[in-house]
Amino acid sequence: MKIIVAKNSGFCYGVKRALRLARETAKNKQSKIYTWGELIHNPEVINELKNQGIRVANSPSELKVGDTVIIRSHGVSPDIYRILKKKKVKLVDATCPIVKKIQQTVEKLSRQSGEIVIVGNPKHPEIQGLLGYSRHKALVVENESQAKSLPYQKKRMVLAQSTQDGQLFSQIVAALVERTGELRVYNTICESTRIRQEATTELARQVDVLIIVGGRNSSNTNKLYQISRRLLPRTYFVESPEEITPEMIRGATRIGLSGGASTPPEVIKNTVIAINNSCQQNSPQEKMTND
Ligand code: SF4
């Protein structure tokens, strides 16, 4: 029995940076500290931040003059910056520099002619922010059938949420080519996401069961699940190691594990332990090895 952890599982550069900024802010605490929405999609990390005095604000009415507000790695729209400025709060901007670049691209495109199409989840905070930078002119497309229902346009510019599934993005681009005179494609899927998706795809081809661990509302973790599920029906999505059951891995000789960009290293470590324990329950004599 072998457990293989996908390369690049766990926190990405943008999430690590946002967490470092939040912890540094908590250390030099001079006022009440809030994150604008949950800093990352992980309940344990949110609890840890709460213990350090960092709370989550979801509305301007929760803030007072002089409070500190941390902008998470997903970024926010220019409207939110304006609201926070009016509130006279101190800002710690933890927007991932890669997301900042995408925002700048969208802002530049919004001054040009042609329809902007963003491939992503319209409810995701990164997309909400990008919509603001497009001056609310961009169209958000979530799947191939939505792209196929679009009318012909003379000119379009298409880009992706940073954590988008590369295969889905390609399918949507292909659908748009048929419906657009001039199509400009900006592949804004970030490198870390691309590497993580490739590693998970590779792993799904090598194992009998693949477990994806991460927050249920984490966009990139959900994408990893969909990618693996296409290749391997025995793919499971768990939020915590406690959800691993012996049935999930019964009869498997090679078990894969992959975590999203917001999955803490301890959760990955504990999931390996939980898989080991479940293996023991299935076949107590079996010797296990971890990669
Ligand atoms: S997934 Fe990529 S773009 Fe998004 S926060 Fe992480 S490093 Fe930045």
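Domain bounds are those of an automatic or database domain assignment. For the protein chain, this assignment gives domain 1 (2-10 + 194-290), domain 2 (13-96) and domain 3 (98-189). The structure is a predicted model, in which local features need pLDDT of at least 70, side-chain atom pairs count only at pLDDT 80 or more, and totals for chains, interfaces and linings use all residues. Residues are numbered from 1 along each chain as its sequence is written.

The centres of domain 2 and domain 3, taken over C-alpha atoms, are separated by 28 Å. Between these two domains, 11 residues of domain 2 are in contact with 11 residues of domain 3, contact being defined as C-beta atoms, placed from the backbone, that lie within 7 Å of each other. On the side of domain 2 that touches domain 3, the residues divide into 3 nonpolar, 7 polar and 1 charged. In this classification Ala, Val, Leu, Ile, Met, Phe, Trp, Tyr, Cys and Pro count as nonpolar, Asp, Glu, Lys and Arg as charged, and the others, Gly among them, as polar.

The ligand is surrounded by 15 residues, of which the closest are Cys12, Gly14, Cys96, Ser162 and Cys190; a residue is taken as near a molecule or strand if its C-beta atom, placed from the backbone, lies within 6 Å of it. Domain 2 and domain 3 each provide at least three residues of this shell. At least two shell residues come from each of α1 (13-27), α4 (97-110) and α8 (191-206), where helices (H or I, at least four residues) and strands (E, at least two) are DSSP runs numbered from the N terminus. The largest share, 3 residues, is supplied by α1. By class, the shell around the ligand holds 8 nonpolar and 7 polar residues and no charged ones.

An open sheet of 4 strands is arranged in the order β7-β6-β8-β9, with parallel pairing; two strands pair if DSSP finds at least two bridges between them. Strands β7 (139-141) and β9 (180-186) each have a single partner strand and stand at the edges, so one side of each is left without a neighbour in the sheet. From one strand to the next, the twist averages 25°. Axes are lines fitted to C-alpha atoms, for helices over the stretch in contact, and angles run from 0 to 180 degrees between N-to-C directions.

Within this sheet, β6 and β8 run parallel and are joined by 5 bridges, and Val119 has Ala160 in β8 as its bridge partner. Strand β8 (residues 153-160) pairs with β9 in the parallel sense over 6 bridges. Val158 has Val185 in β9 as its bridge partner, and Leu159 stands opposite Tyr186 in β9. Helix α7 (residues 166-177) lies across β6 (115-119), β7, β8 and β9, and runs at about 160° to β9.

Strand β2 (residues 33-36) runs parallel to strand β3 (residues 54-57), to which 4 bridges join it, and the bridge partner of Trp36 in β3 is Ala57. From β2 the chain crosses through helix α2 (residues 43-51) to β3 in a right-handed β-α-β crossover, that is, with the strands pointing away from the viewer, the path from the first strand over the helix to the second runs clockwise. Strand β2 is also joined, by 3 bridges, to strand β4 (residues 68-71), again in parallel. In this pair, Thr35 stands opposite Ile70 in β4.
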